[in-house]
Each structure stands twice: as C-alpha cells, then as structure tokens.
Amino acid sequence: MTVPPASTGTPAPTGSPAATHHEVVVIGGGPAGLAGATALARARRSVLLVDAGAPRNAPAGGVHNYLGHEGTPPGQLLAIGRKEVTGYGGRIVEGTVTRLERLTGGAVEGTTTDGEAADAEPVGPRFRVGLGDGTTVTADRLLITTGLIDELPDVPGVAEGWGHDVLHCPYCHGWEVRDRAIGILSTGPMGVHQALMWRQWSEDVTLFVHTGPEPDEEEYEQLAARGVAVVDGRVTELRIERGRLRGVVLEDGHVIGREAVIVAPRFTARGGLLADLGITPVDQEVEGHVIGSHITADPTGATEVPGVWVAGNVGVLTEQVIGSAAAGMRAGSMINADLIKEETRRAVAARRRSARETAPVS
Ligand SMILES: Cc1cc2nc3c(=O)[nH]c(=O)nc-3n(C[C@H](O)[C@H](O)[C@H](O)COP(=O)(O)OP(=O)(O)OC[C@H]3O[C@@H](n4cnc5c(N)ncnc54)[C@H](O)[C@@H]3O)c2cc1C
C-alpha cells in the first residue's frame, strides 16, 4: 500500500490504515468519496478512505460546471479534496478494496419487546474490509463511492480519443467544442436525442446512424428542421492523426471530416464488491432507455443493507462532479446521524441497566 499521489502541503497520510478499526471506511476517493470523508472527519469520526486512484474523468483537461473551480484539472481538484480530508484527521491510503464481509457480531438494531434497548452491551464492528495487498480493516459503517466504468463503442479510435475529442457529456465538454464539426456515433436509441442536444453547441452536427436505429419519420423531420445531417452506414474507424481527431471513416472508405465525435457509453457501476453483502446492480433508465447498471439507494444514499451507503456515480450514473460531491457529503452526514442514534440507544440502555443495578432491593 502506498501513499496517494502527493498534494502539496497535505498533512501526510501515512500510507497504511494505522488503526485496524475505523468508524467509517470510505471506498473510492473521487469527488463523492472525498466529500463524504471530509464531512465525516469534520464530524470527528475516525475515517479511512481507500482509493485505487483511477477517477472516471482522468482523461479530461479540466472539470467544468463545478462552481468555484471552473476548469480546474481533475487531479488538482482531487488533491485539494485529499488535503481537506487529511487536514481534519481523516486517513487516506492508496489501494483497492477486494473483499467486504458482514460480521455477525455487529451492532443489533432496534429494541426488545419490553422497550429496553437491545444493544446495550459493547458490540463488535459490522464489516471487515479486505484490500488487494492482504491488509484487512474493520468498520462500523461503509460508504461506497467506487464510480462507474464507461463501456465505449468498439470502434477503432474511440478509446484513443476518449475524453478530449471523443466525448459524451455536453455539460462537461460542450463549450470546449462549440462551433466545431461534431459527429454523433449512434449505437443505440439515444442517437437522435444526442444529435438534437449537441446542436445547441454547434450548427455543424452530423448523425452517423452506424449501429443505432434508423430515425423514424418524426425524428427525420426534427433533425432536418434543426439542420442536422444524417449519414447511413457503418463507421469503421475514427481517423486520429498526431493525437487529434480528423474524421469519421465509413464502410465504403469515405472520410467525413469531424473535430469531435459524441458516443453513448454503457455506464456500468463499479458495484461488484457489494455482491459480497448481497447487493446487486440493477438497470438505470433515462427517457425509457437503459443507460447502464447502478446500485439502488434511498435519497440519502442508504442501501438495502443497514450500515452501507453509496454516493456518486456508483448510485446515480448521470451524476456530475458537483452532484457526486453533494451526494457524498449528504451520505457522510447521514452516516454520522446513524452512528449518533446507535450511540444514544446504547447509552440509554447502559444508563437504565446501571440504575437497575444500583437501585436498593426492597
Ligand atoms: C471524460 C470525462 C469527462 C468528464 N468531465 C466532467 C466535467 O467536466 N464536469 C463534471 O461535472 N463531470 C464530468 N465528468 C463526470 C465525472 O467524472 C463524474 O461525475 C465523477 O467522476 C463521479 O465521481 P465519483 O466520486 O462518483 O467517481 P470517480 O470520480 O470515478 O471516483 C471513483 C474512485 O473510486 C476508486 N475505486 C473504484 N473501485 C475501487 C475499489 N474497489 N477500491 C478502492 N478504490 C476504488 C477509483 O479508482 C476512483 O478513484 C466527466 C466524465 C468523463 C468520463
């Protein structure tokens, strides 16, 4: 396990979990995990954040639509976040969580039938967390912020241009490619929607039908009315020269010059770990179309398993950086509230027990 890439002036994380038990272990150190860990550390909770160091927006030059940090390089924003977490006493280690286990000795929920708090006795932690290097730590609560995987269309050039000339999100990159020659690489039902959307940023938009459905009559009318060209036939590759996109190559060899290509990746939540706890990803839909799989939770991020929260893209596939950070903060504060409830319940039970033990026998 090694210390994460340094942020200047960061109060040094030790590079190891130090204590083996933490009130909360946060898994994933993107905007959601860092915001959650900051909220928890500021609430004076012992927090360990484990991060594998592969945030989703790493290929992008800057983070856009993040109030107060417009255009900041993704790595720089995360370095600021790490500094904030460690500045309040949270611990950060670089590593990959590979196993989660629910411990049977964990805290008991609820009260007994006679109204007495059931969990008066000190109880063990609820979860064991295993890292790839063999280290294990325990935790009372888990915050899972592992993000998602963008599954890109299997067309040569797409992966190479991803994040700079091959894009998906107009709020991340629309301004940067305004007025450029834009192509929409349709691979599913969102192609027409994307073409009409990106038309807001450029008058020069071409929809490549590729493997997507042929637009219907009404859609053709909409595309024509907005001046979007439609090209039938398969795309065989994106032509990239000296690191920049030059055009879209069709099956018949024609090359249509484009400066940016828009794709619709399938978004797959990095939620595999949660299977150990009995939580499995389900499909998420936008406008009636499945866009990928995610972990379901209530609006605070609480999953169906008590003690386990999610935040950011693992829970909501369409969440942006600012929304992921907000979700992480919200989940962190709800975890703190949940711990307070449990601590109060136990304190009341202990107080009643002590009163019973010291009461004079009549
Ligand atoms: C190319 C691109 C550009 C983008 N640009 C913008 C933009 O300009 N503005 C904007 O608002 N949004 C943008 N986004 C969206 C943005 O990336 C997400 O909203 C944001 O990253 C979600 O944050 P997160 O914390 O949920 O996940 P992530 O940022 O992906 O962080 C998840 C972290 O968890 C770690 N992890 C995963 N599994 C494990 C494990 N088992 N153990 C330990 N750690 C683990 C990962 O390594 C990663 O560091 C962009 C996305 C892409 C793909």
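User: A polar contact is a pair of N or O atoms within 3.5 Å; within protein, one must be able to donate a hydrogen and the other to accept it, and residues adjacent in sequence count only if both atoms are side-chain atoms. How far is a backbone N or O atom of valine 321 from an oxygen atom of the ligand?

Analyst: First, this is a predicted model: local features need pLDDT of at least 70 and side-chain atom pairs pLDDT 80 or more, while totals for chains, interfaces and linings use all residues. Residues are numbered from 1 along each chain as its sequence is written, and side-chain values use heavy atoms, with hydrogens and water left out. For valine 321, a backbone N or O atom is away from a ligand oxygen by 2.8 Å.

User: How much of the ligand's accessible area does the protein cover?

Analyst: On its own, the ligand has 1,000 Å² of accessible area (Shrake-Rupley method, 1.4 Å probe). Of that, the protein covers 98%.

User: On to the strands: which residue stands opposite isoleucine 149 in S16?

Analyst: Strands are DSSP runs of at least two E residues, numbered from the N terminus, and two of them pair if DSSP finds at least two bridges. S7 (residues 148–151) and S16 (residues 266–269) run antiparallel and are joined by four bridges. Opposite isoleucine 149 is threonine 268.

User: Which residue in S18 is the bridge partner of threonine 268?

Analyst: S16 also joins strand S18 (residues 289–294), in parallel, through two bridges. There, phenylalanine 267 stands opposite glycine 292. The S18 partner of threonine 268 is serine 293.

User: And which turn residue between S17 and S18 has a positive phi?

Analyst: S17 (residues 282–286) pairs antiparallel with S18 over five bridges, with glutamine 284 opposite glycine 292. The two strands form a hairpin with two residues between them. The one with a phi of about 50° is glutamate 287.

User: Which are the edge strands of the five-stranded open sheet?

Analyst: The order is S8-S15-S9-S10-S11, with parallel pairing. S8 meets S15 (residues 260–262) over two bridges, with valine 166 partnered by valine 261. Pairing on one side only are the edge strands, S8 (166–167) and S11 (229–231).
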